[in-house]
Amino acid sequence: MNSQVRLNGRYYSVNDRGTIDVTERYNTDQYMRGGPAAWAIEEPMPEVTGIMVHHWAGWFGPVLNSYASPELELQRLDALADFHSTAWGIGPGYNLVAFPSGRLWAVGKHGTHRAHTKGRRPLSAPPDGPRMKWNYVGRAVVAAGNWQDEEPPQLLVDALRDGVQEIRSWPGVSPTANVYAHRNVPTVSMNGTLLNQATLCPGEKLLPHMNIIAGVGGRTPEAGIPEVSGDAMLALLDEHDAALDDVVAGMSEIRDAVVKLRGARVKMQGLLL
Ligand SMILES: [Zn+2]
């Protein structure tokens, strides 16, 4: 069930994952040079075989913290859209944006050409498929901020992971689509010459989190719940019992202290009379 959020007087839909859909805000003549239709990927859409993880480095102002308002984040998204549409005629160049607040925004429509990863995927002729532009057969989630030197907050990493899952849920996305850090995207030119992405994107400090973002291994909600044997469970309950004893002991200390305070108050009253 989608719900809605009202931002600056306009309503946007929010899906079960919490993703705020502002794709219509940017799917306009203002942000898509020559109009949105010029950037539609013709049907049948080629299978999506790559999911790219980016950061937007130092652009669009200082990194927002975990308490940023949605309105402030939307302001940054507008700046991103303005910049990309001026530079490449399509803004924003990414599909999804994740913020340190944990908020995830859909900014670029699935099924439209974007501008996030240069070159083509290095597949040769059929049956492997032609060398398609990554901006056609890749979808991109970007981490707001610069994660080259700074440690990304957990909420941001989680939002990126949600972004990857969001993309995996879209029609036409291969179940085996790889998740790439932008700098590691294998790329060729039109004639098959290897190209280097030549970027530090998505930042050195985000790289160790790529497995989690891709949803392979690492920390997952399931991994947080260990299997527990009967004996271990009893030991755990004993521990809890001991902890409860501590609480009870603590409470009686507090009660004693309250009794003493009351006594002191009575004495004070006696002195004041
Ligand atoms: Zn990038």
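Gly58 is exposed, because 11 other C-beta atoms lie within 10 Å. Gly58 sits in the loop between β4 and α2. Helices (H or I, at least four residues) and strands (E, at least two) are DSSP runs, numbered from the N terminus.

The model is predicted, so local features need pLDDT of at least 70 and side-chain atom pairs count only at pLDDT 80 or more, while totals for chains, interfaces and linings use all residues. Residues are numbered from 1 along each chain as its sequence is written.

The domain assignment gives domain 1 (3–228) and domain 2 (229–273). Such bounds come from an automatic or database domain assignment. The centres of the two domains, taken over C-alpha atoms, are 53 Å apart.

An open sheet of 8 strands runs in the order β1-β2-β3-β6-β5-β7-β4-β8. Its pairing is mixed. Two strands pair if DSSP finds at least two bridges between them. Strands of a sheet pair through backbone hydrogen bonds, either parallel or antiparallel. β1 (3–7) and β8 stand at the edges. Each has a single partner strand, so one side of each is left without a neighbour in the sheet.

β1 pairs with β2 (residues 10–14) in the antiparallel sense, over 5 bridges. In this pair, Arg6 stands opposite Tyr11 in β2. The hairpin of β1 and β2 has 2 residues between the strands. Asn8 lies in that loop and has a positive phi of about 50° although it is not a glycine. Asn8 counts as exposed, because it has 8 C-beta neighbours inside 10 Å.

Elsewhere in the sheet, β5 and β6 pair in the antiparallel sense over 3 bridges. Leu96 stands opposite Ala106 in β6. Leu96 also belongs to the largest nonpolar core, which has 44 residues. A nonpolar core is a set of buried Ala, Val, Leu, Ile, Met, Phe, Trp, Tyr and Cys residues joined through C-beta atoms within 7 Å. Leu96, Val97, Ala98, Trp105, Val107, Val141 and Leu160 touch the most other members. The elements that give two or more residues to this core are β4 (48–55), α2 (70–88), β5 (96–98), β6 (104–106), α3 (134–137), β7 (138–143), α4 (154–168) and β8 (173–181). The largest share, 6 residues, comes from α4. In soluble globular proteins, nonpolar side chains tend to be buried together.

Val107 illustrates the contacts, which require C-beta atoms, placed from the backbone, within 7 Å. Not counting residues up to four places away in sequence, Val107 touches Val22, Thr23, Tyr26, Leu77, Pro92, Tyr94, Asn95, Leu96 and Val97.

α2 lies across β1, β5 and β6, running at about 80° to β1. α4 lies across β4, β5, β6, β7 and β8, running at about 165° to β7. Axes are lines fitted to C-alpha atoms, for helices over the stretch in contact, and angles run from 0 to 180 degrees between N-to-C directions.

The buried residues of α4 include Leu156, Val157, Leu160, Val164 and Ile167. Arg161, Asp162 and Glu166 of α4 are buried as well. The buried residues of α4 pack against β4, β5, β6, β7, β8 and α5 (210–214). At 1.5 Å a residue, the 15 residues of α4 should span 21 Å. The end C-alpha atoms of α4 are 21 Å apart, which agrees. The expected span is 1.5 Å times one less than the number of residues.

Several loops carry backbone features of note. A cis peptide bond joins Glu43 and Pro44, with omega about -5°. Pro44 sits in the loop between α1 (23–26) and β4. Another cis peptide bond joins Gly91 and Pro92, with omega about -10°. Pro92 is found in the loop between α2 and β5, and is among the residues that Val107 touches. Ala198 has a positive phi of about 50° although it is not a glycine. Ala198 sits in the loop between β10 (194–195) and α5. Ala198 is exposed, with 9 other C-beta atoms within 10 Å.

Methods:
A residue is buried if 20 or more other C-beta atoms lie within 10 Å of its own, exposed if 12 or fewer, and partly exposed in between; C-beta atoms are placed from the backbone. Two residues are in contact if their C-beta atoms, placed from the backbone, lie within 7 Å.
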